[in-house]
Amino acid sequence: MELLYGPIKDYAWGSRSAIAELQGRPAPSDGPEAELWLGAHPGAPATVDREGARVSLAELLRAEPGHWLGAPVVDRFGARLPFLLKVLAADAPLSLQAHPDAEQARAGHAADAVRTDGHRNYVDPYHKPELLVALSPFEALCGFRDPAVSAAALATFGVRELEPVVAALRAGPAGLRDAVELLLTWPRAECAGLLSAVRGSGVTGPDAELARDLATAYPGDPGALVALLLNRVRLAPGEGIWMPAGNMHAYLRGTGVEIMAASDNVLRGGLTPKHVDVPELLRVLRFEVLADPVVTPRAVAPGVVCWPVPVDDFALHRVTVDPEVPEVTLALTGPRVVLCCGGDLVVDDGSGAVKLGPGRAAVGSAAGGPLVVTGTGHAYVATAGQR
């Protein structure tokens, strides 16, 4: 194992304290710190030490893919790390968004290559399923809820212009597409007035509060109402949400560990100043009710839990060592990234032991043996999944 140094993304919605405090740096930070990236994604690859200099992990993978990734990963995914591990810290809502499945990503990337308008929805040919596990109390919107519940929430505002949307939702799941399309294609010139009527309705309750907060932060953005069609999820630390292809979602606030397939393909539907492509978003969305988006951890060994997901791009484990379980061994194949989120740990895969404190990470290659974790604390371990 060797130390891995991840860059921090300074998106405007990021926290000025969460990542700094995790890493033991002074808080508040000088600016927002939204995401700590721990992988080889070309958008912000992490680095390792080489002869007194920092070298990109992506560069090392290109030079020695067999050593770092192992033949099974190279055969399945090519000469690239198929996952990206992050710490995500949100102080404000992220955009409403969804991701394509693998077939849609390949076709969309090929089609984008011949576009003449300069815009790209599909910057790579890969899908982007995601799993987020809360480190702090975490709020998110994830998947469509029962349309009857959404219809009732919108009807309480008493806004006449919303009646067609309410009617579509009362048709059940079959009306979800119509409801979403009506809201996302609302003329922008009229949307500010519509949201003003919602804010001034005097309705109370969590749905009304969410709509008013989003409408205030994003005036004129119909995403503030699309949000009421989704499950509002409140995660306790250790709980997760799984976001498969076609699932509309948005993070609201909180800190979590996120692991995803290594892709940048995002189709946005609102709550953002970035490009929104409504027709393409409607094409990839799955208009299905997601009854229970929360994923609870599953114990797989003393001191080890995981959050099972139906993809093989990644797998995520949390390891806890303490006086009762002073040592944990994970029999891993392929590359692995370890992030310490509390305590003081030593990680060793036979190629060298590394000490980790909170917010510090290590990387190991496929040439390493079983991962042994000792000390006191807990860590998240990201690997490629198994078919």
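User: What lies over the face of tryptophan 37, and how far from the ring centre?

Analyst: In this predicted model, lysine 9 lies over that face, at 4.8 Å from the ring centre of tryptophan 37. The distance limit for a charge over a ring is 6 Å, and 4.8 Å falls within 6 Å.

User: What makes arginine 80 a charge over the ring of tyrosine 126?

Analyst: The charged end of arginine 80 sits 3.5 Å from the centre of that ring. Again the limit is 6 Å, together with a position within 35 degrees of the ring normal.

User: How many aromatic pairs are there?

Analyst: The count is five. One of them joins tryptophan 307 and tyrosine 380.

User: Why is the pair of tryptophan 307 and tyrosine 380 called stacked?

Analyst: The ring centres are 6.0 Å apart, and a pair needs centres within 6.5 Å. The planes stand at 20°, and planes under 30 degrees apart count as stacked, so the pair is stacked.

User: Where in the chain do these two residues lie, and are they buried or exposed?

Analyst: Tryptophan 307 is in the loop between β16 (304-306) and β17 (315-321), while tyrosine 380 belongs to strand β22 (residues 371-383).

User: Why is helix α9 called oblique to helix α10?

Analyst: Helix α9 (residues 188-199) and helix α10 (residues 206-217) pack at about 140°, with axes 9 Å apart. Roughly antiparallel needs over 145 degrees and roughly perpendicular covers 65 to 115, so α9 is oblique to α10. The crossing is left-handed.

User: Which residues of α9 and α10 meet?

Analyst: Leu195, Val198 and Arg199 in α9 meet Ala211, Arg212, Ala215 and Thr216 in α10.

How values were computed
Residues numbered from 1 in each chain as written. Predicted model: local features only at pLDDT ≥ 70, side-chain atom pairs only at ≥ 80, totals over all residues. Heavy atoms only, no water. Phe/Tyr/Trp six-rings, centres within 6.5 Å; stacked < 30°, edge-to-face > 60°. Helix = DSSP H or I, 4+ residues; strand = E, 2+ residues; numbered from the N terminus. Axes fitted to C-alpha atoms, helices over the stretch in contact; angles between N-to-C directions. Parallel < 35°, antiparallel > 145°, perpendicular 65-115°, else oblique. Left-handed = near helix turned anticlockwise from the far one by under 90°. Contact = heavy atoms within 4.5 Å.
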